[in-house]
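Please open the structure in the viewer and keep the selection tool at hand.

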Amino acid sequence: MARHRGPVLVDTNVILESHRIGAWAALAGGYPIETVEDCVTETQTGYQRRRPEQQIDAKALGASLKAVHAPGDREIAAVVVRASDIALDIGERSLWAHALTRTDGWILCGPDKASLRFGVRLGHRDRLVALERLLEEAGYRPKDPLKLAYTSKWLEKTLGELVLAEGAGST
């Protein structure tokens, strides 16, 4: 698969994991990374309980992002209405609210199962990508292994399960 050149939307989990393994500079340098204000805010939650190497400076994070979006109430309501039975957390809900307004070639990176279910249900499976793949395509090899939920193998397995579950629920 060719390296993605368009916008990469990331959730809080991806930001935290990228910082944990020291890959944020490679990720943000290799792609036009975008997120939403709620995800940036979530990176600061629990800040005081993290080890120094896991603390994320909000200003530095903002400077490294191509864009930080703030979806409005109408966009957020559209997400809730489209899948009211999927309990998205605030960051993922806002990220999808923004994503669904776009007409460009965006992809979304985030391992939250509710978020993945939402993407599958709305027909965006092909836009969901693992952090591992992005880092490989950017030429970054982490010294510390990624947590399982950020690997391509985990994502493919999970998406397959969600496709089956969503297909069974729609018949």
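**First stop: a charge and a ring**

Select Arg127 and Trp106: Arg127 lies over the face of Trp106, at 4.4 Å from the ring centre. A charge is said to sit over a ring if NZ of Lys or CZ of Arg is within 6 Å of the ring centre and within 35 degrees of the ring normal.

Before the next selection, please note that this is a predicted model, in which local features need pLDDT of at least 70 and side-chain atom pairs count only at pLDDT 80 or more, while totals for chains, interfaces and linings use all residues. Residues are numbered from 1 along each chain as its sequence is written, and side-chain values use heavy atoms, with hydrogens and water left out.

**Second stop: the aromatic rings**

A pair of aromatic rings is described by the distance of the centres and the angle of the planes. Rings of Phe, Tyr and Trp (its six-membered ring) pair if their centres lie within 6.5 Å; planes under 30 degrees apart count as stacked, over 60 as edge-to-face and the rest as tilted. How many aromatic pairs does a search of the whole structure find? The search finds two.

In one of them, Trp96 and Trp106 are edge-to-face, with 5.8 Å from centre to centre and 85° between the planes. This pair links distant parts of the chain, since Trp96 is in helix 6 and Trp106 is in the loop between helix 6 and strand 4 (107–109), 10 residues apart. Helices (H or I, at least four residues) and strands (E, at least two) are DSSP runs, numbered from the N terminus.

Is Trp96 buried or exposed? Trp96 counts as buried because its relative accessibility is 0%; buried means under 20% relative accessible area, exposed over 50%, and partly exposed in between (1.4 Å probe, protein chains only). Trp106, at 2%, counts as buried too.

Trp96 and Phe118 form a tilted aromatic pair, 5.2 Å centre to centre and with 55° between the planes. Here, too, distant parts of the chain are linked: Trp96 belongs to helix 6 and Phe118 to helix 7 (residues 113–121), 22 residues apart. Phe118 is buried, with a relative accessible area of 0%.

Select residues 90–99, which make up helix 6. Eight of these 10 residues are buried, so helix 6 is largely enclosed by the rest of the structure. The buried residues are Gly91, Glu92, Ser94, Leu95, Trp96, Ala97, His98 and Ala99. Then show Asp89: at the start of helix 6, a side-chain oxygen of Asp89 reaches to within 3.1 Å of the backbone nitrogen of Gly91.

**Fourth stop: the salt bridges**

A salt bridge is a side-chain nitrogen of Lys or Arg within 4 Å of a carboxyl oxygen of Asp or Glu. By this rule, the structure has 10 salt bridges.

Select Lys66 and Glu34, whose side chains meet in a salt bridge of 3.6 Å, N to O. Lys66 is in the loop between helix 4 (58–64) and strand 3 (67–69), and Glu34 is in strand 2 (residues 33–36), 32 residues apart. Lys66 counts as exposed at 57% relative accessibility, whereas Glu34 counts as buried at 2%.

Next, select Arg102, whose side chain meets that of Glu34 in a salt bridge of 2.6 Å, N to O. Arg102 is in the loop between helix 6 and strand 4, 68 residues apart from Glu34 in strand 2. Both Glu34 and Arg102 are buried.

Then move to Asp85 and Arg121, which form a salt bridge with the closest N and O atoms 2.6 Å apart. Asp85 lies in the loop between helix 5 (73–82) and helix 6 and Arg121 in helix 7, so the pair ties together parts that are 36 residues apart in sequence. Asp85 is exposed, at 56% relative accessible area, and Arg121 is partly exposed, at 31%.

**Last stop: two cysteines**

Finally, select Cys39 and Cys109. Cys39 is buried, with a relative accessible area of 0%, and Cys109 is buried, with 1%.

Note on methods:
Polar contact = N/O pair within 3.5 Å; in protein donor to acceptor, adjacent residues only side chain to side chain.
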